[in-house]
Amino acid sequence: MKSKLFLATACMLTTQAAHANKEQDKLGTFVASVEVGYIMTSSTNNNDTTSTIVKVDIGNETESLRNQFSFESLFKQDEVEIIESDGSKYKDKKTTKEKYSASVQTNFKVNDSGDAILAFLSYEADRFSDFHYQTSIATGYNTRVLDSKTGFLDLSIGPGYAFDSLKVYTNDQGQRVDGNGNLVYDDSGDVIYPKYDYEDRQQMIWRAAITYQRKIMENINFKSAYSIEEGDYNTKSIFETALTMQVNGSLSLKAAINNRKNTNEGVVTDDKRNTITLVYNF
């Protein structure tokens, strides 16, 4: 009787394990990391600066899909001197950088080599840029040129659409000016008197991206990624190259160079950042 009970229990557990494995196969494999950086500096004039960086990356791969999600936030505060009307002075913290961005890409595999049809979506809000927000959607073709145990090289290109809300600046007379205080004129040569502090725009774009990743040594990884979205009135590009070294178990140290650029109607704005952060891998 005991042997029959043991056999039945073993069969039930085996069936449940097989079912769990099937469910896991459907969901595929997950790779996730959380990146955190905190920088506090003090200069010779006793002005303090604090910067916080948080980034989350989640990757998922199944038999037919390859998905990637990324979220990043950057917050910076500087200590500035405030001068009152009576001449008195005091120091206070002032936010000088506040930025949030997120992107998601799904690749629908079309062959065993890893080639895929992609769908891409991104959103970015930078409080101290010329935009209230920037968002883009794109599709296209992704091909994995190089795929080995030590790394891969991905290339993608395709059409899309970009939406943004451009900040509108005015002078004391209510006339529109650019970031340097120069008057902005319409197509007829007349000065513009805007009704709102924003201008919603949209444009068709072509988006291209390249990602290269390689394991240099057992505990050292190199990654470089570049993307560009080109349209009629704005071209946006993002570049990042990073070196990650495993410190202990799931904890790694990452040194990265980031460059985000907008060429908005001929005016170029550059956002460059060098960071050293801690990364926890799940």
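This report describes aromatic pairs, charges over rings and the surroundings of one leucine in a predicted model.

## Basis of the description

The model is predicted, with local features needing pLDDT of at least 70 and side-chain atom pairs counting only at pLDDT 80 or more, while totals for chains, interfaces and linings use all residues. Residues are numbered from 1 along each chain as its sequence is written, and side-chain values use heavy atoms, with hydrogens and water left out.

## Aromatic pairs

Searching the whole structure gives five aromatic pairs (rings of Phe, Tyr and Trp, the last by its six-membered ring, with centres within 6.5 Å; planes under 30 degrees apart are stacked, over 60 edge-to-face, and the rest tilted). In Y280 and F282 the ring centres are 5.0 Å apart and the planes stand at 75 degrees, so this pair is edge-to-face.

Y280 has a relative accessible area of 40% and is partly exposed, whereas F282, at 63%, is exposed (buried is under 20%, exposed over 50% and partly exposed in between, with a 1.4 Å probe and protein chains only).

## Charges over rings

R207 places its charged end over the ring of F120, 3.6 Å from the centre, and R144 lies over the face of F152, 4.2 Å from the ring centre (this requires NZ of Lys or CZ of Arg within 6 Å of the ring centre and within 35 degrees of the ring normal).

L183 is in the loop between β9 (176-177) and β10 (198-217), where strands are DSSP runs of E of at least two residues, numbered from the N terminus. L183 is partly exposed, at 33% relative accessibility.

Leaving aside residues up to four places away in sequence, L183 touches N171, Q175, R176, V177 and V191 (contact means heavy atoms within 4.5 Å). Between L183 and Y169, 14 residues apart in sequence, the C-alpha to C-alpha distance is 9.8 Å.

Conventions:
Helices (H or I, at least four residues) and strands (E, at least two) are DSSP runs, numbered from the N terminus.
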